[in-house]
Amino acid sequence: MAQKGKKESGPTLEDTIFIIRTLEEAGFEAYAVGGCVRDALLLLPAKDVDITTSAKPWQVKALFAKTFDTGIEHGTITVLLHGTGYEVTTFRTEDGYSDHRRPDHVSYTLSLEEDLSRRDFTINAMAFHPESERLIDPFGGREDLENRLIRCVGDPYERFDEDALRMLRAVRFAARLGFTIEDKTRDAIRALSPTLRYVSKERIFEELKKTLMSDHPSVLEQAVDLGLCPYMAQGLQDGQKLKISALENTEKDLMVRLAVLMSDLGENEAGKVLKELKSDNDTRNAVTLLIAHLKDPLPEDGVSMRHLMALIGKEKVPFLLQVKKGVGLISHEAYERTLALWRQEREAPVTLKELSVTGKDLIRQGIGQGKAVGEALQYLLQQVIEDPAKNDPRCLIELLHQHWYN
Ligand code: ATP
Ligand code: MG
């Protein structure tokens, strides 16, 4: 049992049982549901635990000391135990998806089976009672787990027509678990792929990111085959231009994987795609920078490494090397060798901040004001990049005098 007062970093079986038992003792039904049941059956660690219950949100709130109204309008309350949130959602049904993305009506139900039937895939539509170890699996989720299949609950055409995002979720789960998308589910995606345009770019980007960061990112090839790419972003029209197979042997870093994926689009097109997908600026800038410098010559010695560090930023160099290796521009040996060179040089001064004189020091030397100071600092920085031993105030002032007054 988790100790009182000790901050827990993830969900525990004890706390899951505690929540379910508390709800049951108050006369309600409650089960673990969805992703945590799927992952437990696959012997994967639980990232989060969702609980489904016949209790209404206000009844859930009344039973637990610490709760948050996370999605109370959809019936979800977060119960906080030992620093971990457990999402507790009332059994519900959904209907009328006139916009292909969210239900027009959400209503509560007293039937667990009805709640399970609104879920996307059979492997996500199982409930589990941890004390009795009873699995409620009305749609054959367990068998599909054994056969490693992603299959819609019910008619796949209807399910994707209701919520087009589910098509990308199918690809994402296939990529994460290394599963195959079942034939009818695939056919339905192929037929309905254009409806993805009704889904917000933010949600599309979230799914793309999760797929890229999975263990089997090359499953993204299926998004191309099934015609999803053009509706994810305009710049992704031509799936042939995406470097998907290269993703498999690329490290799990989002910037690196996005840069590898879009390396053949060039930095401008890649930037447009990321803008369309509403990417944050940091990610967009980092990815376009990596693509822009992809073809730069590989540094072979300290000086050229320091110039590269100054050009793109010290911390970006290992990422650039990973992208170069990922797209096959450099061998593993060249990657290792250059990374070792970077480790050797990474403390070297390559920015004005690291220079051992400041603008004020130079003004005191009578260099003047404004532009001249900036130019002098740049001159000294270049000297220091060439030879870090020169980064000493006295030495730099002397260099300045030689340069300026000769
Ligand atoms: P992950 O481990 O990636 O969080 P998950 O299965 O928990 O996977 P969530 O997006 O957290 O996925 O959703 C929780 C559960 O809610 C799913 O397992 C599924 O039963 C249901 N669900 C989520 N999104 C949808 C959707 N768009 N359509 C139908 N059911 C959904
Ligand atoms: Mg989840």
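K278 counts as exposed, because its relative accessibility is 52% (exposed means over 50% relative accessible area, buried under 20% and partly exposed in between, with a 1.4 Å probe and protein chains only). This is a predicted model, in which local features need pLDDT of at least 70, side-chain atom pairs count only at pLDDT 80 or more, and totals for chains, interfaces and linings use all residues. Residues are numbered from 1 along each chain as its sequence is written, chains are lettered from A and ligands numbered from 1 in the order in which they are written, and side-chain values use heavy atoms, with hydrogens and water left out. Helices (H or I, at least four residues) and strands (E, at least two) are DSSP runs, numbered from the N terminus. Here is a friendly tour, topic by topic.

**Positive phi angles**

- K278 sits in the loop between α13 and α14 (281-292), and its phi is near 60°, a positive value in a residue other than glycine.
- R148 also has a positive phi, near 55°, and is likewise not a glycine.
- You will find R148 in the loop between α5 and β10 (149-150), where it is partly exposed, with a relative accessible area of 42%.

**The nonpolar cores**

- A nonpolar core here is a set of buried Ala, Val, Leu, Ile, Met, Phe, Trp, Tyr and Cys residues joined through side-chain atoms within 4.5 Å.
- In soluble globular proteins, nonpolar side chains tend to be buried together.
- The largest nonpolar core holds 109 residues, and I19, L23, I150, L236, M262 and L362 have the most contacts inside it.
- Helix α7 (residues 165-177) supplies the largest share of this core, with 9 residues.
- Setting aside residues up to four places away in sequence, I150 touches F121, I123, A170, F173, A174, F179, T180, I181, E182 and T185 (contact means heavy atoms within 4.5 Å).
- There is also a second, separate core of 7 residues, with V33, F91, A127 and I136 among them.

**The α16 and α17 pair**

- Two packed helices are described by the angle between their axes and the distance between the axes.
- The axes of α16 (residues 317-326) and α17 (residues 332-345) come within 10 Å and cross at roughly 175°.
- These axes are lines fitted to C-alpha atoms, for helices over the stretch in contact, with angles running from 0 to 180 degrees between N-to-C directions.
- The two helices α16 and α17 are therefore roughly antiparallel (over 145 degrees; under 35 counts as roughly parallel, 65 to 115 as roughly perpendicular and the rest as oblique).
- From α16, the contact uses V317, P318, L321, Q322 and K325, while α17 brings H332, Y335, T338, L339 and W342.
- By type, the residues of this contact are 6 nonpolar, 3 polar and 1 charged (Ala, Val, Leu, Ile, Met, Phe, Trp, Tyr, Cys and Pro count as nonpolar, Asp, Glu, Lys and Arg as charged, and the others, Gly among them, as polar).
- R337 belongs to α17 and is partly exposed, with a relative accessible area of 47%.
- In sequence R337 and E300 are 37 residues apart, and their C-alpha atoms are 9.0 Å apart in space.

- R159, in helix α6 (residues 156-162), counts as buried at 6% relative accessibility.
- The side chain of R159 reaches the backbone oxygen of V153 at 3.0 Å, and one of its polar atoms lies 3.2 Å from the backbone oxygen of R119.
- Not counting residues up to four places away in sequence, R159 touches S117, R118, R119, C152, V153 and R166.
- N124, in the loop between α4 (112-117) and β8 (127-129), is buried too, at 5% relative accessibility.
- Beyond its neighbours within four places in sequence, N124 is in contact with G34, R38, R119, R169 and F173.

- F139 lies in the loop between β9 (134-136) and α5 (141-146) and is partly exposed, with a relative accessible area of 27%.
- Leaving out residues up to four places away in sequence, F139 touches E113, L116, S117, T122, A125 and V153.
- F139 and A334 are 195 residues apart in sequence and 51 Å apart, C-alpha to C-alpha.
- G271, in helix α13 (residues 266-276), counts as buried at 12% relative accessibility.
- Not counting residues up to four places away in sequence, G271 touches R284 and T288.

Note on methods: A polar contact is a pair of N or O atoms within 3.5 Å; within protein, one must be able to donate a hydrogen and the other to accept it, and residues adjacent in sequence count only if both atoms are side-chain atoms.
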